[in-house]
Amino acid sequence: MIEIDLSIARKHLERLYLDKATIIEFQDVQDPITHITSKQEVVVYENIPCKLSHHVPLATGEGVSSSLSLSSYIILNPDLVIKAGSKIIITRNGKEIVFGNSGEPAIHFNHQKIMLKIWDNYA
């Protein structure tokens with residue numbers, strides 16, 4: 001059986017990632033003085049290379065009542081563990097866009113794809 005080194009393909013693919021992602025999770029954090037645990041935002045990954053993409057499906061409905069909905073997703077390294085429900089801040093050309101992910105990432109050999117929605121709040 002021939003073994004393929006996917007790290008070379010991944011390296012070349014990631015050179016195309018021009019955006020940066022910061023991944024934030026809402027986690028239990030214990031105060032070191034009071035020992036009280038509370039939920040807080042914790043940065044899990046910062047400035048991770050990624051590619052933000054959008055997809056506009058065909059219009060639904062007919063006439064003036066038809067609507068378009070923009071689907072956004074990011075593509076990034078498959079070795080990163082990103083939990084469903086994380087807040088994801090994408091930086092593109094110096095502008096930040098805050099998203100939440102809507103589910104589990106689709107893991108492939110050389111990348112993962114995470115569907116996004118504009119950030120509303122933690123689920």
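Leaving aside its neighbours within four places in sequence, with which residues is Ser-72 in contact? They are Ser-53, His-54, Phe-99, Ile-114, Met-115 and Leu-116, where contact means heavy atoms within 4.5 Å.

The model described here is predicted, so local features need pLDDT of at least 70 and side-chain atom pairs count only at pLDDT 80 or more, while totals for chains, interfaces and linings use all residues. Residues are numbered from 1 along each chain as its sequence is written, and side-chain values use heavy atoms, with hydrogens and water left out.

Ser-72 belongs to strand β3; helices (H or I, at least four residues) and strands (E, at least two) are DSSP runs, numbered from the N terminus. With a relative accessibility of 6%, Ser-72 counts as buried. Buried means under 20% relative accessible area, exposed over 50%, and partly exposed in between, with a 1.4 Å probe and protein chains only. The side chain of Ser-72 makes a polar contact of 2.8 Å with that of His-54. A polar contact is a pair of N or O atoms within 3.5 Å; within protein, one must be able to donate a hydrogen and the other to accept it, and residues adjacent in sequence count only if both atoms are side-chain atoms.

Leu-116 is in contact with Ser-72 and, among others outside its four-place sequence neighbourhood, with Leu-52, Ile-74, Ile-88 and Phe-99. Leu-116 is also one of the residues with the most contacts inside the largest nonpolar core, together with Ile-74, Leu-76, Ile-88, Ile-90 and Ile-114. This core has 14 residues. The elements that give two or more residues to it are β1, β2, β3 (71-76), β4 and β7, and β2 gives the most, with three residues. A nonpolar core is a set of buried Ala, Val, Leu, Ile, Met, Phe, Trp, Tyr and Cys residues joined through side-chain atoms within 4.5 Å. In soluble globular proteins, nonpolar side chains tend to be buried together.

**Strand pairing and positive phi values**

Strands β4 and β5 pair in the antiparallel sense over six bridges; two strands pair if DSSP finds at least two bridges between them. Across this pairing, Thr-91 stands opposite Glu-96 in β5. Strand β5 is also joined to β7 (residues 112-118) by three bridges, and these strands run antiparallel. Here Gly-100 stands opposite Lys-117 in β7.

The hairpin of β4 and β5 has two residues between the strands, and Asn-93 takes a positive phi near 50 degrees in it. Asn-93 lies in the loop between β4 (87-92) and β5 (95-101) and is exposed, with a relative accessible area of 80%. A positive phi is also found at His-35, where the value is near 60 degrees in a residue other than glycine. His-35 is placed in the loop between β1 and β2 (37-55), and its relative accessible area of 51% makes it exposed.

**Salt bridges**

How many salt bridges does a search of the whole structure find? The search finds five, a salt bridge being a side-chain nitrogen of Lys or Arg within 4 Å of a carboxyl oxygen of Asp or Glu. Side chains of opposite charge can pair when their charged atoms come close. Three of these pairs are set out below.

| Salt bridge | N to O distance |
|---|---|
| Asp-79 and Arg-10 | 2.7 Å |
| Glu-25 and Lys-83 | 3.8 Å |
| Lys-87 and Glu-41 | 2.7 Å |

Asp-79 forms a salt bridge with Arg-10. Because Asp-79 lies in the loop between β3 and β4 and Arg-10 in helix α1 (residues 6-14), this pair ties together parts that are 69 residues apart in sequence. Asp-79 is exposed at 54% relative accessibility, whereas Arg-10 is buried at 16%.

A salt bridge also joins Glu-25 and Lys-83. Glu-25 is in strand β1 and Lys-83 in the loop between β3 and β4, so the pair ties together parts that are 58 residues apart in sequence. Glu-25 is buried, with a relative accessible area of 7%, and its side chain has a polar contact of 2.6 Å with that of Gln-27.

The side chains of Lys-87 and Glu-41 form another salt bridge. This pair links distant parts of the chain, with Lys-87 in strand β4 and Glu-41 in strand β2, 46 residues apart. Lys-87 counts as buried at 12% relative accessibility, while Glu-41 is partly exposed at 43%.
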